[in-house]
Amino acid sequence: MRTTEITSYFGAEGFRVLDEFLFKKKASKTFILVDENTASCIGTFSNQLAHLDSDFDILEVPSGEESKSIEVVVQLWASLLEYGADRQALLINLGGGMICDLGAFVASTYKRGISYVQVPTSLLAMVDASIGGKTGINFQGLKNQIGTFSEPDAIVIAPMFLTSLSKKEWISGHGEMIKHSLLNGSDWPAILQLEASMNIEEEIRRSVQIKSDVVSLDFKESGFRKVLNLGHTFGHAWESLMLEKGTPIPHGMAVIQGLHLALALSQQDELQKELSGKYPWEFVNEDDLTQLWTNQLADKKNQNQSVQFVLLDRLGQPTIDNPVDIKRWMDCMLLLNQKVHG
Ligand SMILES: NC(=O)c1ccc[n+]([C@@H]2O[C@H](COP(=O)([O-])OP(=O)(O)OC[C@H]3O[C@@H](n4cnc5c(N)ncnc54)[C@H](O)[C@@H]3O)[C@@H](O)[C@H]2O)c1
């Protein structure tokens with residue numbers, strides 16, 4: 001499947017293509033970047049590849065967003081230097097979106113860029129973070145402030161890694177798949193019926209295709225790519241609030257809450273009702289409304305006290321840059337609350 005310049009490969013075919021790439025590439029040194037949880041995927045991964053350098057070095061970082069930092073980047077640059085990585089070295093990012101973003105940033109900057117491969121192990125990374133060539137780290141408390149646009153040499157998507165993923169992290173990835181389905185119209189509402197116990201390779205493929213199609217039209221996000229922010233304006237505000245309250249939730253779960261609001265603002269009541277059947281709107285305490293509005297306004301793209309939302313004209317028809325003022329926003333928030341609490 002083509003994204004912009006590169007192709008994503010799935011399952012057994014993915015490993016075959018990667019093995020051939022490893023054979024041809026003849027990297028001077030191979031590194032595998034993992035976090036403390038995805039380290040357990042290394043055995044399964046390496047068993048699939050006859051041409052993986054058996055002398056590969058493992059770079060392991062703590063799991064969690066805190067590792068997407070300049071301090072960890074500096075440590076990784078230092079490790080690459082220490083282990084003698086030259087321009088012909090290869091970095092394999094084996095992990096969730098955190099590892100894919102961090103590793104891609106390190107690879108795209110080390111010695112002006114070395115080869116790297118994305119092997120996403122979380123559902124969110126398979127359908128979203130590994131696709132589209134955005135690399136990045138967090139800076140001064142803000143997400144993805146420093147980064148590059150850079151394409152990997154390959155993306156290998158192997159759903160077998162999902163067996164060890166927690167239910168919450170699975171739902172997080174499902175949230176992004178639901179977003180893709182709303183943007184494109186395909187698989188709706190069947191997408192809502194997916195469960196962690198199912199084989200969802202075909203649905204993952206279609207989700208990847210939707211994101212790839214958007215990215216290929218606007219790689220550097222000068223316009224249309226913004227549709228991928230559907231559900232993210234409120235989603236980010238909700239994610240930050242949950243973090244401040246000491247009850248953090250995975251990104252895609254916050255996006256689901258954001259999708260409810262985007263559908264309500266779009267007056268897509270039927271779609272919002274269908275979404276509620278799978279993942280109901282979470283009641284928002286009225287004391288938190290001001291903080292949530294402020295979190296949304298903090299986004300520099302927002303002007304004149306209104307917040308820009310991606311909305312849907314109808315299923316599969318997103319529009320970008322829709323200004324929403326506090327009155328309209330508040331009405332929708334209260335309406336969604338009423339629907340769950342009568
Ligand atoms: N570059 C992009 O276009 C893009 C798009 C969306 C999200 N992102 C980024 O992706 C990150 C979120 O990705 P994520 O949700 O995968 O987070 P993550 O990488 O932190 O993974 C979530 C948790 O699941 C664990 N995990 C991953 N795979 C596992 C497996 N197979 N078995 C057991 N545990 C596993 C991780 O160790 C972690 O604890 C954020 O940093 C976000 O900014 C980037």
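By the salt-bridge rule, the count comes to 14 salt bridges. A salt bridge here is a side-chain nitrogen of Lys or Arg within 4 Å of a carboxyl oxygen of Asp or Glu. The model is predicted: local features need pLDDT of at least 70, side-chain atom pairs count only at pLDDT 80 or more, and totals for chains, interfaces and linings use all residues. Residues are numbered from 1 along each chain as its sequence is written, and side-chain values use heavy atoms, with hydrogens and water left out.

Several of these pairs are described here with their burial. Buried means under 20% relative accessible area, exposed means over 50%, and partly exposed lies in between (1.4 Å probe, protein chains only). Helices (H or I, at least four residues) and strands (E, at least two) are DSSP runs, numbered from the N terminus.

Glu65 and Lys143 meet through their side chains in a salt bridge of 3.5 Å, N to O. Glu65 sits in the loop between strand S3 (57-61) and helix H3 (70-82), and Lys143 in strand S7 (residues 142-146), so the pair ties together parts that are 78 residues apart in sequence. Glu65 is partly exposed at 32% relative accessibility. Lys143 is also partly exposed, at 36%.

Lys278 forms a salt bridge with Glu195, with the closest N and O atoms 2.9 Å apart. This pair links distant parts of the chain: Lys278 is in helix H10 (residues 269-278), and Glu195 is in the loop between helix H6 (167-184) and helix H7 (201-217), 83 residues apart. Relative accessibility is 22% for Lys278, which counts as partly exposed. Glu195 is partly exposed at 34%.

The side chains of Asp288 and Lys245 meet in a salt bridge of 3.2 Å, N to O. Asp288 lies in the loop between H10 and H11, and Lys245 in the loop between H8 and H9, so the pair ties together parts that are 43 residues apart in sequence. Asp288 is buried, with a relative accessible area of 12%. Lys245 is partly exposed, at 45%. Elsewhere, a network of salt bridges links Glu201, Glu202 and Arg205.

The domain assignment of the protein chain gives domain 1 (8-165) and domain 2 (171-341). These bounds come from an automatic or database domain assignment. The domain centres, taken over C-alpha atoms, are separated by 28 Å. Contact (heavy atoms within 4.5 Å) takes 17 residues from domain 1 and 22 residues from domain 2.

Between them, domain 1 and domain 2 bury about 1,700 Å², 70% of it on carbon and sulfur atoms. Buried area is the accessible area (1.4 Å probe) that two parts lose on being put together, summed over both. Phe10, Val127 and Phe149 supply 35% of the area that domain 1 buries against domain 2, more than any other three residues.

Polar pairing also spans this interface. Two salt bridges are counted between domain 1 and domain 2. The rule for polar contacts finds four residue pairs across the interface, both residues at pLDDT 80 or more. A polar contact is a pair of N or O atoms within 3.5 Å; within protein, one must be able to donate a hydrogen and the other to accept it, and residues adjacent in sequence count only if both atoms are side-chain atoms. On the side of domain 1 that touches domain 2, strand S1 (8-10) and helix H5 (123-129) are the elements that give two or more residues. H5 gives the most, with five residues.

Glu176 is found in helix H6. At 0% relative accessibility, Glu176 counts as buried. A polar contact of 3.2 Å joins the side chains of Glu176 and His251. Not counting residues up to four places away in sequence, Glu176 touches Leu124, Val127, Asp128, His232, His251 and Val255.

Glu203 is found in helix H7. Glu203 is buried, with a relative accessible area of 19%. Leaving aside neighbours within four places in sequence, Glu203 is in contact with Met177, Asp187 and Leu194.

In helix H11 (residues 289-297), Leu289, Leu292, Trp293, Asn295 and Gln296 are buried. They cover an arc of only 160° around the axis, which puts them on the same side of H11. The arc is that of the directions from the helix axis to the C-beta atoms. The buried residues of H11 pack against helix H8 (232-244), helix H9 (251-265), strand S9 (307-314), strand S10 (317-324) and helix H12 (326-341).
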